[in-house]
Structure formats: C-alpha cells, structure tokens
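Reader: I am new to this structure. Please show me how to read it, one feature at a time.

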Amino acid sequence: MGAPMAAHLARRAQETGGRALVWNRTPGRAEAHASAHGSHAATLEELASADVIFTCLPTSAEVDDLIGALEAQLRPGTLWVDCTSGHPEAAPRQRERLAARGVGFLDAPVSGGTGGAEAGTLTVMIGGPEAEVEAARPHLAFAGLVVRVGETGAGFAVKAVNNVLLAANLWVAGEGLATLVRAGVDAGAALEVINASSGRSNVSQNLIPQRVLTREFPATFALGLLAKDAGIAMDLVQTGKGSAPVLAQVAGLTRAAAQVVGPEQDHTAALKLIEQFNGVEIK
C-alpha cells in the first residue's frame, strides 16, 4: 500500500511546488517509484530533512529501528505520521522519543486496501494532539476520510479492533458458506441471497466473490499481518482487563490459519483452513 500512497504524495508535491522523497529498505523499489511517479529516491540523510515524514511498515518494531537511524539528524518542527498498523503501547514511547528532538508524532494507520490506496480514498484514523492532526491534514493526499479518534495510541487501537472485526466477518462467513456447500448449495447463489439480506458484509459482498469464489486469492493484505493485528486487539483487551471471548477465538483461529496456510498468503486465504475442516471448496 505504501507505493500508491506515496504516488499521491508525489502528485500533491508537484501540484504545490514541493518535492516528495521516497525511501525503501529495498533501494530498487524507491528508484522504480521515482521513475514512475516523479518522486525522489532519497537517502536516510535526505529523508531526515523533510517537513513531514510518513512511514508505512509491517510493525512498530521496524518504525523503532527507523527512528533510531534518523533521530540524530531530525530537525525540530518536523511532523512524523506513522501509517503502520502499529501497537498502541508503542505510540506514546515513540512520541516521547521524537519529542526529545522537537519532532511531533501521530499514529495514523489506514484502511481501505490497495484499491483505496490507488484511488486515494483511504480512511485514516489518527491518534495525537488536535493541533498536530490539523497540521497533518493537508498532507494526507491518499485519504478519503480522516478522523481524529483520540490521543496518542488511539489510532493504532482503532485499527487493531477494525482488523479483528474483519477477521471475525471473514471467518464466520467462511464457516457459513462451507456449511451451505456441504449441504449441496451453490456458494455464488447463496451469496446473492445473503448480500440482499441481513447477513451481508463487505466480506460477503466483495472479498469472497472477488477472491475466494474465483480461487484467485490475490496477495494484497497478508494473512500474517491480519493475525498480528488481531493479536494487538487481544493485547488491548488484556490491558483494559476486559472480556472479548469471541474475538479471542477469532484471533486464535486467524493465527492458526496463518501458520497452516502461510503468513504471506492473502488474508482471504484463511478460508482455505475452513475448507480443509469441511472437505469442500467454497466456489
């Protein structure tokens, strides 16, 4: 998702007379992006000079590493906007670390998939001070909806819960359809009814028809990352001393699916484990 998000940033920079710097842990990817979108493939030293720094990495651990590589060179007044699906407990620590350099920090994960990233219609959920959120808002060229959801860490928290709800919808729809297929019902016909009825969801309306029934399972959002986010949601439950037994079950099943099917597979491939349980294909 980072590449199309950065493409929108590059277009916005060109329109406003600025310059978008791109950096990737694989330099060739940054160079290809620069060639395709008019951004500038930057070194870490150049990146540290930016007014606004966006990061979109697999976990908060990689963001910590990048902060460590850059912090000695960062300029006071810079704003760091982290679009990683990070951990709520990491955000206050990262904010404090950057504040020591005079740098602001917002946890600003996104939702909407690669399609939303390409269209520039991502939903951005932001945690952090309102003044910093307003300062970041004009730069969010990849967003269709921007919502400040609370203080530092709140963005990561909302993202984790959103994604465990995605996992829950995916899992329960898969179980329901596998049950129908075992009963001799065509999955496509069943979905036509479900999607005109009260059982519909984004999973039933879009993900399963486009990815599962077609047997394509295109690699967009990795199953291992969905399992990671579901685990973060359960950390939230534990920290708040709450109770979420259904979500806990879903998180465990998603982790099992990632281990059996493969963490690099698309998240919709979790349904392959349900298919194994039931000895059918959902098609």
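Author: Start with contact, which means heavy atoms within 4.5 Å. Among contacts in the chain between residues at least 6 apart in sequence, 66% join residues at least 24 apart.

Reader: What kind of model is this, and how are residues numbered?

Author: This is a predicted model, where local features need pLDDT of at least 70, side-chain atom pairs count only at pLDDT 80 or more, and totals for chains, interfaces and linings use all residues. Residues are numbered from 1 along each chain as its sequence is written, and side-chain values use heavy atoms, with hydrogens and water left out.

Reader: How many helices and strands are there?

Author: Both are DSSP runs, numbered from the N terminus: helices are H or I with at least four residues, strands are E with at least two. The chain has 13 helices and eight strands.

Reader: Which domains does UniProt list, and where?

Author: UniProt positions follow the numbering used here, feature names are shortened, and annotations may be inferred rather than shown by experiment. An unreviewed UniProt entry places "domain: 6-phosphogluconate dehydrogenase NADP-binding" at residues 1–144. That span is 45% helix and 18% strand. The unreviewed entry also gives "domain: 3-hydroxyisobutyrate dehydrogenase-like NAD-binding" for residues 153–274. Here the figures are 70% helix and 0% strand. The end C-alpha atoms are 15 Å apart for residues 1–144 and 34 Å apart for residues 153–274.

Reader: What does "buried" mean, and how many residues are buried?

Author: Buried means under 20% relative accessible area, exposed over 50%, and partly exposed in between (1.4 Å probe, protein chains only). Buried residues make up 46% of the 283 residues in the chain.

Reader: Where do nonpolar side chains tend to be?

Author: In soluble globular proteins, they tend to be buried together. A nonpolar core is a set of buried Ala, Val, Leu, Ile, Met, Phe, Trp, Tyr and Cys residues joined through side-chain atoms within 4.5 Å. The largest one here has 31 residues. Val-203, Ile-208, Leu-271 and Ile-282 have the most contacts inside it. Elements giving two or more residues to this core include H8 (154–182) and H10 (202–212). H8 gives the largest share, nine residues. Ile-282 touches, among others, Leu-177, Val-212, Arg-215 and Leu-271. A second, separate core of 20 residues includes Val-81, Ile-126, Ala-136 and Val-146.

Reader: Which residue does UniProt list as "active site", and is it buried or exposed?

Author: The unreviewed UniProt entry lists Lys-159. This residue is found in helix H8. Lys-159 is buried, because its relative accessible area is 7%. Beyond residues up to four places away in sequence, Lys-159 touches Ser-85, Pro-109, Val-110, Ser-111, Met-125 and Asp-229. A polar atom of the Lys-159 side chain lies 2.6 Å from the backbone oxygen of Val-110.

Methods:
Polar contact = N/O pair within 3.5 Å; in protein donor to acceptor, adjacent residues only side chain to side chain.
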